[in-house]
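Colleague: I'm new to this one. Can you walk me through it?

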Amino acid sequence: MALSPTFHTILTTSLSAPSPKLPPSISSPQRFPFLTKPLHPNAFNLSTSSSASDQKWRVNVSFFPAFLNKGKDAKVLKQDLLDCIAPLDRGADATPDDRQRVDQLASKLEAVNPTKQPLKSDLLNGKWELIYTTSKSILQTQRPKFLRSSTNYQAINVDTLRAQNMESWPFFNQVTADLTPLNARKVAVKFDYFKIGGLIPIKAPGRARGELEITYLDEELRISRGDLGNLFILKMIDPSYRVPV
């Protein structure tokens, strides 16, 4: 989230052994697709005659602008990230330099993540569209463009701990999964059913598992990193969407 790999690897499944023989459209389970020194006591003094209250006032003034700019900086970083990935066809057209730049911007945004415990936040609920990934099995750049999924989605519901990966034309495949929290922002993923063309159910192999960490979350954007080292950047499109139980 032939069956596209996209919906599997958004949740970055790691398979320990080859999967059972499946129809040609899903021939590869791996393709299924997320101050080093202390300050001197007088460091803030402007003169030896400064009072304690003057020192405190100066410290507050020094740090006040940085506090005000934190939210602004996050907005700027997010826009820089979106601008960087916009021409990259979800990562398919990215060069090594592009990928490095995107990862650097994502890391900076992750450092100011406003949602410290995403698995306890309603912001995670709903349907997300994948707008960038480093996963080759999702991007399928070795295929002609008309044989690649044009859009990929992932839905998560934290109350039911369910997830669903979906792809659009030309495959329309889906996969659902159970989530088990490992901490406040990381889950273990166990896939249960694939749906070929969105219609034909196939039970997932027991070893179809993975992990996903949500490293940035706000009302519009989510950044996730998988256990295979892939980066996933998604935008919210439907916060009311419910994953089938």
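**A first look around Asp-192**

Modeller: Start with a side-chain pair: Asp-192 makes a polar contact with Arg-162, side chain to side chain, at 2.6 Å. Keep in mind that this is a predicted model.

Colleague: Where does Asp-192 lie?

Modeller: In strand E5, which covers residues 186-196.

Colleague: Is Asp-192 buried or exposed?

Modeller: Buried. Its relative accessible area is 14%, and the cut-off for buried is under 20%.

Colleague: What is Asp-192 in contact with, leaving aside neighbours within four places in sequence?

Modeller: Arg-162 and Thr-176 are on that list.

Colleague: Let's zoom out. How many helices and strands does the chain have?

Modeller: Four helices and nine strands. From the N terminus, the order is α-α-α-β-α-β-β-β-β-β-β-β-β.

Colleague: And how much of the chain is buried?

Modeller: Buried residues are 47% of the 245 residues. The accessible surface is about 12,900 Å², and carbon and sulfur atoms account for 57% of that surface.

Colleague: Switching to the backbone. Which peptide bond is cis?

Modeller: The one from Trp-169 to Pro-170, with omega near 5°. Pro-170 sits in the loop between strand E3 (162-167) and strand E4 (174-181).

Colleague: What does the backbone do at Phe-172?

Modeller: Phe-172 has a positive phi of about 60°, although it is not a glycine. Phe-172 is in the loop between E3 and E4 too.

Colleague: How accessible is Phe-172?

Modeller: Partly exposed, because its relative accessibility is 42% and that class runs from the buried limit of 20% to the exposed limit of 50%.

Colleague: And what is the phi of Asp-89?

Modeller: Positive, about 50°, and Asp-89 is not a glycine either. Asp-89 is in the loop between helix H2 (52-85) and helix H3 (96-110). Asp-89 counts as partly exposed, at 31% relative accessibility.

Colleague: Last topic, confidence. What is the mean pLDDT of the chain?

Modeller: The mean is 80. Of the residues, 71% reach 70 or more.

Colleague: Where does pLDDT stay under 50?

Modeller: One such stretch is residues 1-10, and the model has 86 contacts for it beyond four places in sequence. Over residues 12-68 the pLDDT is below 50 as well. That stretch has 105 contacts in the model beyond near neighbours in sequence.

Technical notes. Residues numbered from 1 in each chain as written. Heavy atoms only, no water. Helix = DSSP H or I, 4+ residues; strand = E, 2+ residues; numbered from the N terminus. Buried < 20%, exposed > 50% of the residue type's maximum accessible area, 1.4 Å probe, protein only. Polar contact = N/O pair within 3.5 Å; in protein donor to acceptor, adjacent residues only side chain to side chain. Contact = heavy atoms within 4.5 Å. pLDDT = per-residue confidence, 0-100. Areas by Shrake-Rupley, 256 points an atom, 1.4 Å probe, with all protein chains shown as cover.
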